[in-house]
Amino acid sequence: MIIDQEISQRIDALRTHLPTEQALLLPLLHEMQAKAGWISREAMAEAAQFLKIPLARVVEVATFYTMYNKAPIGKKHLQICTNVTCFLRGSDHLLACLEKRLGIHCGETTADGQYTLSEVECLAACGTAPVMQVNDDYHENLDESSLEGLMNRLDQELKNG
Ligand code: FES
């Protein structure tokens, strides 16, 4: 069970502001992912039961949004935008650099569980393309050199625990 008393209380507090149980689904999935790291099929069933809505509705929503992880992810989730603006400013090259550095393909997690590499659609920061989201943080105006610096810092953070 992922939904504990704290999550339940936070969702209850939102009930007065939102019109339907369905409207609580996004914040509930967000809370569940923050605790478990990803949204499994069992977690989707738990969310459906908690909100008393059809499981199919939960599955639809959880699988539509890339922000919900449908598989376990590494400690650092690298999500690089490859949509038009970022692509035109070299994100495909940055993605190739990351694949080479990490020794994995896009969509995979390193064997040590430290990094997951994903390709995502527009992160709504096109003015500072190319952009990569690392967990909850945005890194903008990236080029090969700044990406390397960022990855060195992330390696160090992981090493320091
Ligand atoms: S296209 Fe990459 S942030 Fe919009």
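**Figure 1. The open sheet of 4 strands has the order S2-S1-S3-S4 and mixed pairing.** The model is predicted: local features need pLDDT of at least 70, side-chain atom pairs count only at pLDDT 80 or more, and totals for chains, interfaces and linings use all residues. Residue numbers start from 1 along each chain as its sequence is written. Strands (E, at least two residues) and helices (H or I, at least four) are DSSP runs, numbered from the N terminus. Two strands pair if DSSP finds at least two bridges between them. The edges are formed by strand S2 (115–120) and strand S4 (137–139), each of which pairs on one side only. On average, neighbouring strands of the sheet are turned by 25° against each other, direction ignored.

**Figure 2. Strand S3 (residues 132–134) pairs with S4 in the antiparallel sense.** The pairing of S3 and S4 extends over 3 bridges. Gln133 stands opposite Tyr138 of S4. The loop between S2 and S3 contains Pro130. A cis peptide bond, with omega of about -5°, joins Ala129 to Pro130. Most peptide bonds are trans.

**Figure 3. Helix H6 (residues 91–102) lies across strand S1 (76–81) and S2.** H6 runs at about 155° to S1. Axes are lines fitted to C-alpha atoms, for helices over the stretch in contact, and angles run from 0 to 180 degrees between N-to-C directions. H6 also packs with helix H7 (residues 144–160), at an angle of about 35° and with the axes 10 Å apart. Leu94, Cys97 and Arg101 of H6 make the contact with Glu144, Leu147 and Met151 of H7; residues are in contact if their C-beta atoms, placed from the backbone, lie within 7 Å. By class, the contact of H6 with H7 has 4 nonpolar, no polar and 2 charged residues. Ala, Val, Leu, Ile, Met, Phe, Trp, Tyr, Cys and Pro count as nonpolar, Asp, Glu, Lys and Arg as charged, and the others, Gly among them, as polar.

**Figure 4. Helix H1 (residues 5–15) crosses helix H2 (residues 25–36) at roughly 160°.** The two axes come within 10 Å. H1 and H2 are therefore roughly antiparallel (over 145 degrees; under 35 is roughly parallel, 65 to 115 roughly perpendicular and the rest oblique). H1 passes H2 in a right-handed crossing. On the H1 side the contact is made by Ile7, Arg10, Ile11 and Leu14, and on the H2 side by Pro27, Leu28, Glu31 and Lys35. The contact of H1 with H2 comprises 5 nonpolar, no polar and 3 charged residues.

**Figure 5. H2 and helix H3 (residues 41–51) cross at roughly 135°.** Their axes come within 11 Å, and H2 and H3 are therefore oblique to each other. The crossing of H2 past H3 is right-handed. H2 contributes Leu25, Leu28, Leu29, Met32 and Ala36 to the contact, and H3 contributes Ala43, Ala47, Phe50 and Leu51. In the contact of H2 with H3 there are 9 nonpolar, no polar and no charged residues.

**Figure 6. Lys52 lies in the loop between H3 and helix H4 (55–64).** Lys52 is not a glycine, yet has a positive phi of about 55°. Most residues other than glycine have a negative phi.

Conventions. Left-handed = near helix turned anticlockwise from the far one by under 90°. Contact = placed C-beta atoms within 7 Å.
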